[in-house]
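Please consult the sequence and the model alongside the text.

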Amino acid sequence: MNYADIKSYDVANGTGVRVSLFVSGCTHHCKNCFNQETWDFSYGKPFTEKEIDFIIEACKPSYISGLSLLGGEPMEYVNQMGLLPLVRRFKEAYPDKTIWCYTGYDFTEYILPKMCKEWEFTPELLSYFDIMVDGKFIEEEKDLNLKFRGSRNQRIIDVQKSLATGQLVLWDEKGAFF
Ligand code: SF4
């Protein structure tokens with residue numbers, strides 16, 4: 001897996017101050033995507049043990065709420081494979097900090113019924129995620145007033161509650177501690 005960028009202080013992509021990783025590679029090609037250079041899977045630099053160490057260290061301060069995964073598309077097959085060692089280490093080191101993952105794939109139409117059944121990494125990866133913001137960016141649905149998402153069709157999903165209940169549970173911002 002390649003990555004485009006790592007931000008150590010991100011306040012736009014999830015709650016609180018977060019460390020954000022922008023992976024390379026996306027097959028969705030949404031119109032007016034904010035990050036088109038990351039469509040190419042070979043864009044940026046290789047994501048190695050060194051980057052994992054850097055991110056784990058960057059997440060250490062108490063003011064860091066957690067880790068956000070963006071792209072590109074974190075849920076492309078090769079990116080799931082590349083992210084697994086990172087999220088395993090993150091949750092082991094910081095069980096009380098959260099992981100937000102942004103994906104263009106639909107959680108209920110594709111990730112749960114297809115990826116989870118057909119791809120070996122997906123169930124474990126989802127077990128570490130707290131929040132997924134799903135759906136492609138749709139220009140016609142764009143709304144600058146939305147928090148943590150770009151277009152109205154995108155949903156902020158409580159992954160663990162959805163997995164536990166077997167149905168879609170949207171993030172309850174008021175009741176959330178993360
Ligand atoms: S899913 Fe995200 S990175 Fe991929 S094309 Fe759409 S907006 Fe761009």
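## The sheet

Strands β1 and β2 run antiparallel and are joined by five bridges. Aspartate 5 has phenylalanine 22, in β2, as its bridge partner. Strands here are DSSP runs of E with at least two residues, helices are runs of H or I with at least four, and both are numbered from the N terminus. Two strands are taken as paired if DSSP finds at least two bridges between them. The model is a predicted one, in which local features need pLDDT of at least 70, side-chain atom pairs count only at pLDDT 80 or more, and totals for chains, interfaces and linings use all residues. Residues are numbered from 1 along each chain as its sequence is written, and side-chain values use heavy atoms, with hydrogens and water left out.

The open sheet consists of seven strands with mixed pairing, in the order β3-β1-β2-β4-β5-β6-β7. Its edges are β3 (45-46) and β7 (155-158); each has a single partner strand, so one side of each is left without a neighbour in the sheet. Helix α1 packs on the sheet and touches β1, β2, β3 and β4, where contact means heavy atoms within 4.5 Å. The direction of α1 makes about 15° with that of β1; axes are lines fitted to C-alpha atoms, for helices over the stretch in contact, and angles run from 0 to 180 degrees between N-to-C directions.

## Nonpolar cores

In soluble globular proteins, nonpolar side chains tend to be buried together. A nonpolar core is a set of buried Ala, Val, Leu, Ile, Met, Phe, Trp, Tyr and Cys residues joined through side-chain atoms within 4.5 Å. Buried means under 20% relative accessible area, exposed means over 50%, and partly exposed lies in between (1.4 Å probe, protein chains only).

The largest core holds 37 residues, of which Leu21, Leu69, Met75, Leu86 and Phe129 touch the most other members. Elements that each supply at least two residues include β1 (2-10), β2 (17-23), α1 (49-58) and α2 (77-93). The largest share, five residues, comes from α2. Not counting residues up to four places away in sequence, the contacts of leucine 21 include Tyr3, Phe47, Ile55, Leu69 and Leu86. A second, separate core has nine residues, among them Phe22, Tyr102, Val133 and Trp171.

## Salt bridges

The structure holds 15 salt bridges, each a side-chain nitrogen of Lys or Arg within 4 Å of a carboxyl oxygen of Asp or Glu. One of them links lysine 7 to aspartate 5, with the closest N and O atoms 3.1 Å apart. Lysine 7 is partly exposed at 36% relative accessible area, and aspartate 5 is partly exposed at 31%.

Another joins aspartate 158 and lysine 161, whose closest N and O atoms are 3.9 Å apart. Aspartate 158 counts as buried, at 10% relative accessibility, whereas lysine 161 is partly exposed at 48%.

## Asparagine 32

Asparagine 32 lies in the loop between β2 and β3 and is partly exposed, with a relative accessible area of 45%. Not counting residues up to four places away in sequence, asparagine 32 touches Phe137 and Glu139. Its side chain makes a polar contact of 3.1 Å with that of glutamate 139. A polar contact is a pair of N or O atoms within 3.5 Å; within protein, one must be able to donate a hydrogen and the other to accept it, and residues adjacent in sequence count only if both atoms are side-chain atoms.
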